Each structure stands twice: as C-alpha cells, then as structure tokens.
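Thanks for coming. I will walk through one structure, beginning with the ligand and ending with a few backbone details.

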Amino acid sequence: MQIPAAGLLLTLIVLSPSCARRVEAPGTTPADGMAPTWNMRAPRVIEASKALVVSGSPLASAVGRDILRQGGNAVDAAVAVGFALAVVHPEAGNIGGGGFMVIRLADGRVQTLDYRETAPGRASRDMYLSAAPEASVTGHLSAGVPGAVAGLTEAHRRFGRLAFSTVIAPAIGLAYDGFLVDEYRSSSIGEDSARLVLFPASRATFLPNDRPPETGSTFRQPELGATLEAVRDSGAAGFYRGRVADLIVAEMVRGHGLIDHDDLNRYRAIWRNPIEISYRGHTIYSMPPASSGGVTMGEILNIMEGYDPLPAFGTAALMHREAEAMRRAFTDRNRHLGDPGFVNNPVQRLLSKDYAAELRQQIGEQASVTPRFETGAGGGSSTTHYSVVDADGNAVSCTTTLNNSYGSAVTVTGAGFLLNDEMDDFATSPGEPNMYGLVQGEANAIAPGKRMLSAMTPSIVLDREKQLYMIVGTPGGPKIITMVYHVISNVIDHRMPLPEAVRAPRTHHQALPDSLQIEGGGFLPATLDSLEGKGHGLWSREPWGDVEAIVRTSQGWQGVTDPRRGGGGAGY
Ligand code: DON
C-alpha cells in the first residue's frame with residue numbers, strides 16, 4: 001500500500017516497559033529535490049532506549065529482541081535472527097545460502113565474518129557455457145556449497161554469551177509450531193511459484209494444495225525443524241556431516257548437481273579484517289572481498305568526499321557526479337575483485353584518497369561512456385539484511401542471501417530448506433552479463449572451492465567522536481552498494497533523519513549496462529531532462545531494496561525498516 005506524500009505520517013512504535021505500542025506521529029515533508037510524485041509510504045520506525053533489532057521480518061526481529069532481553073548480546077541476537085529468518089522469511093533467510101557479518105564490539109574491536117558459499121570441487125570455469133539456459137539460476141547446478149550454518153555457529157562460538165541451544169530454540173519452535181503468514185510472504189511465495197513448482201520438495205513445502213500459503217494461515221515446516229535440531233545438537237557438524245549432509249548429497253545426485261561430501265566437509269567460514277573508510281570525519285566499517293561491497297562503496301564515497309560542498313539532494317549536479325563515481329567504482333569492481341584466496345585484490349590502491357582524486361579529475365560536466373550493452377538485468381530477486389544493537393553497545397550488521405528469491409528453487413528433500421543459486425554471481429561466462437546485468441572478468445571466474453564475488457555491504461558507521469552511530473545494509477544485488485552509499489550520504493551529507501534517508505528515491509549505476517537507473521516518480525522532470533542533457537541514458541524502474549538500519553539518537557536507538565518491503569523491528 002502506498003499513501004500520497006501529502007498525507008505522509010510516520011508510524012512510530014513507542015515502547016513501554018512491557019509492550020510495544022504503535023502510534024501515528026506527524027511525519028516529515030519530502031526533502032527538497034524529491035518529486036511530488038514520490039508517493040513512497042513512510043518507513044516503519046521503532047524507537048528503543050536500550051537495544052534494537054530491525055530485519056526483513058517482524059517475527060525474526062521479535063526473536064532477536066527476546067534473545068537480547070534474556071541477556072544475550074548482539075551476536076547471540078544476530079545468530080538467533082539468522083536462524084529465524086531461515087524459517088519465517090524463506091525467500092532470502094536461509095541455512096542453504098551464505099552471508100557476511102560485520103561485528104563491532106562495544107570496546108571498539110571490529111571483525112567481519114565471511115560465510116559466502118563456495119564453488120563445488122567439481123565446478124569448472126566454463127561449466128555453464130554448455131549447460132541448459134538458466135542453469136546458473138534455477139536447479140541443482142546453480143547451488144554453491146552453503147556457508148550459513150558454518151557462519152552462524154562460528155559467530156556464536158567466538159562472541160556469543162548464551163548457550164547455542166537457547167539461541168537456535170526460537171527458530172526450531174517457529175518451524176514446528178508454525179507462524180502466521182502475512183500478506184508480504186504469501187505474495188512473495190506466489191511470485192516464485194512457477195519456479196518452486198518444478199521441484200517436488202519445494203512444491204510440497206511452499207505450495208500446499210498447489211497454492212502459496214494464504215495470508216493468515218499457519219505455516220509449519222517440520223522437516224526444517226528437524227534439520228535445525230541437528231544443528232542445535234551437533235553444531236555445524238549437524239549440517240555438514242551426518243543425516244543432513246547425506247540428504248544434501250542425495251538431492252544433488254537426484255538433480256545432477258555437483259555438491260558432494262568433500263565439499264561439505266571442507267567448508268569453513270573465514271574471519272577477515274573489515275574495510276575501513278573515512279568519510280567526512282566519520283568511520284565506516286564494511287565487508288572486504290569476497291564481497292565487493294566495502295571496496296566499491298568506499299571508492300564511491302572517496303570520490304564524492306572531494307566535492308565539498310556536495311550539491312543538494314535531487315539535483316542533476318549531484319546525481320551526475322554520483323553516477324560517474326558509481327560507474328568508475330563498478331568498473332574497478334568488475335575488473336579486479338574476486339575471492340582473495342584466489343586473486344590479488346588491489347584494495348589499498350582502490351581505496352586510496354589519491355586514486356579517488358585521480359578518478360574525480362576525469363569527471364566532467366558530461367556523462368562518460370562505457371560500451372553500450374542491452375540487458376534485462378534485475379528484478380525478482382531477494383537477499384535480506386538485519387541490524388542489531390545491544391544494551392552494551394555491541395553492534396552487528398549482517399546480510400544473508402540465497403541470491404535469487406528462493407535461491408535455486410530446490411528444497412533439499414527430507415531436510416526442508418532451500419539451496420542457493422549463488423553460482424550465478426560468478427562471471428559464469430566472463431564478459432557476458434549475469435542475472436543482475438553485471439559484466440565481470442577473470443578475477444571472478446569459476447574455480448573449485450572459490451567464493452563468488454558478492455555485492456553485499458553490511459556496514460557500521462561511527463561518528464566523528466568514534467562512537468557507534470549507524471548500522472545499515474540491504475538486499476538488492478549490485479544496487480546494495482549504491483543503496484548503502486545513498487543512506488549514509490543522505491544522513492551525513494543531506495542531513496536527513498534516517499526515516500527520510502531510507503524513504504528517499506534512489507539511483508544506481510554499475511558501469512554496464514551503461515544507464516543511470518532511477519526509482520520512477522522520485523525525481524523532478526526538470527532534473528531528469530538535465531541528466532539526459534548531460535548524456536545519461538536513464539532507466540526508470542520500480543522501487544528497489546529493503547534497507548534495515550539503526551541510528552543512535554539522544555533517547556537511545558531508532559530503527560528504520562524500508563517501506564518498500566515487509567520488514568519490521570523490535571526492541572526494548
Ligand atoms: O551476493 C550478492 O551480491 C547477490 N547474490 C545478492 C543478491 C541480492 O541481493 C538479491 N536481492 N535483492
């Protein structure tokens with residue numbers, strides 16, 4: 001549902017000691033630079049004095065809040081939310097996919113955890129060239145070796161405070177007892193039903209009576225419950241060995257996929273140092289390769305930092321400079337970045353302020369040109385992000401994905417969970433566009449055991465005094481990078497309150513295809529004319545993303561969940 005900007009109201013959840021209350025509060029008027037036609041509704045806003053979770057699912061956020069209330073820290077809550085999302089947000093929450101977690105402890109230590117999927121040992125560089133069309137997107141061959149269970153159990157092992165069985169218990173309960181399906185999740189399953197129906201276990205799980213579960217119905221997943229119990233009892237070994245591993249391998253044999261027991265045995269999550277970016281006195285921690293998120297966003301921010309003052313929001317002057325910065329950052333991303341276990345990522349050079357100055361010098365008043373290229377990139381895909389802060393000030397920013405909505409659409413028979421289609425994030429055919437229209441090179445070519453390059457950009461922002469300020473991330477394929485950039489810049493540069501920063505219309509450029517994508521209806525026609533006059537090919541699109549962000553306020557914390565999708569928050 002969308003309401004006109006004129007009637008804009010902010011929905012606040014005001015927390016009393018025992019319960020959360022939803023009230024309507026006077027909203028903001030659209031910031032200068034947004035078109036009157038921008039009728040995006042106001043985000044859901046959650047205020048909490050101590051601790052807060054925002055995620056793509058209100059139920060998963062409530063799980064996180066309850067874990068925090070029981071004395072769990074932000075990592076306990078993040079792990080609980082991760083498992084809960086696998087149950088209540090199956091389009092993207094997962095145990096059959098992977099993700100990235102940025103953790104900042106209250107004492108200032110920052111670590112990131114890479115639990116990205118890997119290519120199976122029997123995968124090869126050109127495996128999709130002779131495969132059926134769509135083989136990297138739907139079906140068994142599209143799945144990488146899942147990393148989520150290794151990641152979540154490792155995060156808990158290193159930083160968790162509560163018993164693992166306590167942290168995973170809510171997800172197990174939701175799987176066995178079921179949960180009430182809301183409108184968002186019912187229609188989300190409906191949108192992918194044509195793919196899910198292709199695989200018997202997916203059909204049986206997600207399309208009872210050959211229809212998506214109806215809004216208001218109770219959705220139970222006992223097989224998933226049993227899988228989660230195996231993880232509760234044996235940790236990662238409960239997934240990568242034993243019955244669940246056998247079921248995964250049997251599913252691969254059934255559908256001619258490649259993942260075998262060796263792949264599952266070998267999978268490890270990896271701790272990495274964060275990407276650290278300084279931006280107008282703020283410090284931003286984000287994800288290093290195997291995600292391109294931190295480096296690419298850092299390059300964009302570094303270029304933009306040199307425009308001082310920055311042109312106002314919604315002006316052609318700003319959007320042109322942003323598009324050119326994005327174009328250059330994505331060109332480097334697509335050319336140079338890949339799994340650091342396999343290729344040398346020139347991170348220091350790409351993130352140096354000198355290099356940003358060089359790139360800025362190249363940006364004139366007209367659009368530069370990247371070779372033209374037509375593609376139907378984008379659409380219909382899903383990842384999910386959640387942000388957590390606890391009462392001690394520990395923070396977690398986590399993005400996790402199956403890649404496409406419902407991943408490969410293959411549910412592991414007997415184990416009740418979906419497998420990812422992350423193989424499509426490789427340059428499956430170097431030089432050719434993938435599902436998101438990204439044209440990537442050899443650095444991201446397929447090799448056995450290699451992590452496919454991601455765009456996920458879970459980030460944590462400190463203020464000028466180096467205090468925790470913001471936790472932010474989103475799904476959206478390559479647009480993740482530019483969305484996180486926009487939200488950070490909207491808050492720091494354009495001084496928007498976080499709800500307005502999330503609600504504001506977005507732009508995106510990824511070098512190829514060579515067009516500036518804009519959220520339709522968001523910008524003034526005169527601005528768009530002016531951008532076209534500068535030589536930008538504009539591509540007006542449906543709104544995108546699902547930013548789940550938290551910002552510090554004088555009262556505690558404010559969580560904002562993107563009005564574009566069906567998330568929610570919970571805190572105390
Ligand atoms: O890792 C990546 O960059 C992609 N697999 C993310 C996919 C995604 O965000 C789709 N969501 N809308």
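**The ligand and its surroundings**

Of the 17 residues around the ligand, those that come nearest are Thr383, Glu422, Asp425, Ser454 and Gly477; a residue is near if one of its heavy atoms lies within 4 Å. Before going on: this is a predicted model, where local features need pLDDT of at least 70, side-chain atom pairs count only at pLDDT 80 or more, and totals for chains, interfaces and linings use all residues. Residues are numbered from 1 along each chain as its sequence is written, and side-chain values use heavy atoms, with hydrogens and water left out.

Now the polar contacts, meaning pairs of N or O atoms within 3.5 Å. Glutamate 422 places a polar side-chain atom 2.7 Å from a nitrogen atom of the ligand. For asparagine 403, a polar side-chain atom is 2.8 Å from a nitrogen atom of the ligand. Glycine 477 uses a polar backbone atom, 2.7 Å from an oxygen atom of the ligand. On its own the ligand has 350 Å² of accessible area, and the protein covers 98% of that (Shrake-Rupley method, 1.4 Å probe).

What kinds of residue form the shell around the ligand? By class there are 5 nonpolar, 8 polar and 4 charged residues, with Gly counted as polar and Asp, Glu, Lys and Arg as charged.

Which strand gives the largest share of the shell? Strand 12 does, with 3 residues. Strand 12 (381-389) and strand 13 (395-404) each supply at least two residues; strands are DSSP runs of E, at least two residues, and helices are runs of H or I, at least four.

Where does the ligand lie relative to the domains? It lies between domain 1 (45-271 + 385-421) and domain 2 (276-379 + 458-552), because both give residues to the shell. The domain bounds come from an automatic or database assignment.

**Backbone details**

Two cis peptide bonds come next. One runs from aspartate 308 to proline 309, with omega near 5°, and proline 309 is in the loop between helix 12 (293-305) and helix 13 (316-336). The other joins leucine 512 and proline 513, with omega about -5°; proline 513 is in the loop between strand 16 (507-508) and strand 17 (516-519).

Key. Polar contact = N/O pair within 3.5 Å; in protein donor to acceptor, adjacent residues only side chain to side chain.
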